[in-house]
Amino acid sequence: MAEPLIALDETPETRVLLAGWRRQWSDGGNISSGMPRWLIDKLSARRIGGMTEEISRMCFPFQVAGTHDLYRPRAAFDDGLPSRPMQWDNGFWDAGDGVVIFLGVEPWYRIDLYGDAFFEAAAALGNPKIAAVEGYNGPAPPELERRVSCVYSKASMADELRQHGMLFSSYGSQQRQGPTVGMALVSIAHYQHPDLEMVRVGAMAPMFPFSGGSSGSGGGGGGGQLGITTDHRAFYDIMRRLRALYSLDIDLSDLRPRYEEEASRLLESLDRVAQRNEEARRYIDRVRNDYQFQPFEEPVELDPSIEGTLADILGQFDLPDSEGETPDR
């Protein structure tokens, strides 16, 4: 008998499944790991289950030589006694209003088995629409809207995604490129679950190949580069699109002061570098001049009572007919 791949305590009626991954390759700006966690905390989401120990056993290593703690499973002890089993946490969280959030760990082995578990959970939740979020680093003006691109599982999704300010990625079409975990699951959905709608949404988090500044949420970065470690502007620009696409009732106003501060700090660091180095100044100017993105404005939906009031007001005015004359009342 095959071991179970998922264990869900509840299966709430779900219309949208939002997914991200910790410890994964495509996590620029902490978008894939940080945005789902931000949503879980913001929406007070409740954990309803996750992938089983079979996934932990088959899809993850204990360690990789030389990496010490990076790839080991979580463990915890209380006064010397183990307080929970070792685990690779791939969990599902109910955020209410038909939204479930998945926050997992990118598998090292058996993406086929990991995909079986992921889509088995989706089926148990009623086959909702799925959006996976990921990020990558690149030179982008920190004060501007992020470039948001996507890959998707069904051809019929294209028009709607385009209308919501998403660019279409041709990743891997010109040369061999391995997929991110989100891209891999979209590919599995396309070929093995043709009735599902899944989109992988990616955004570029600012990162410049200069050293200087302090590390942190803005003005620093890994590997001695200048960038935004946790890019709340990317959270904002992705979530605006998903909010409109899926009619989500999620307030994003708390992200604005965070991303404005991050942009300000990185701009100050870039200005200091530009003042010291003429070649760096030209590079920064070229990035700003060449940067392209697809702007997106969320549609404003008026309350039906307001629309009716506006119609009544407009009806009080005499408007010219097609011949330029005012019709009789």
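In the predicted model, Glu 145 counts as buried because its relative accessibility is 10%, below the 20% cut-off for burial. The residue is located in the loop that connects strand S8 (129–138) with strand S9 (148–152). Its side chain forms a polar contact of 2.7 Å with the side chain of Arg 241. When residues up to four places away in sequence are set aside, the contacts of Glu 145 comprise Arg 233, Asp 237, Arg 240, Arg 241, Tyr 291, Phe 293, Gln 294, Pro 295 and Phe 296.

Two strands pair with S9. With strand S11 (residues 198–208), the pairing is antiparallel and extends over 5 bridges; within S11, Ala 203 stands opposite Val 148. With strand S10 (residues 167–168), S9 runs parallel and is joined by 2 bridges, and here Cys 150 stands opposite Phe 168. Together with helix H4 (residues 158–163), S9 and S10 form a β-α-β unit of right-handed sense. In a regular strand, side chains alternate between the two faces of the sheet.

The largest nonpolar core contains 36 residues, and those with the most contacts inside it are Trp 38, Met 166, Val 199, Ile 238, Met 239, Leu 242 and Tyr 246. Helix H6 (residues 232–246) supplies the largest share of this core, with 8 residues. A second, separate core comprises 35 residues, among them Leu 17, Met 51, Val 105 and Ala 121. Apart from neighbours within four places in sequence, Val 199 is in contact with Ile 130, Ala 131, Ala 132, Cys 150, Val 151, Tyr 152, Met 157, Leu 161, Val 186 and Tyr 246.

The buried residues of H3 are Leu 113, Tyr 114, Gly 115, Ala 117, Phe 118, Phe 119, Ala 121 and Ala 122. One of these, Ala 121, also belongs to the second core. An α-helix has 3.6 residues a turn, so residues three or four places apart point the same way. Just after H3, Gly 126 adopts a positive phi of about 95°.

How values were computed: Residues are numbered from 1 along each chain as its sequence is written. This is a predicted model: local features need pLDDT of at least 70, side-chain atom pairs count only at pLDDT 80 or more; totals for chains, interfaces and linings use all residues. Side-chain values use heavy atoms; hydrogens and water are left out. A nonpolar core is a set of buried Ala, Val, Leu, Ile, Met, Phe, Trp, Tyr and Cys residues joined through side-chain atoms within 4.5 Å. Buried means under 20% relative accessible area, exposed over 50%, partly exposed in between (1.4 Å probe, protein chains only). Helices (H or I, at least four residues) and strands (E, at least two) are DSSP runs, numbered from the N terminus. Contact means heavy atoms within 4.5 Å. A polar contact is a pair of N or O atoms within 3.5 Å; within protein, one must be able to donate a hydrogen and the other to accept it, and residues adjacent in sequence count only if both atoms are side-chain atoms. Two strands pair if DSSP finds at least two bridges between them. A crossover is right-handed if, with the strands pointing away from the viewer, the path from the first strand over the helix to the second runs clockwise.
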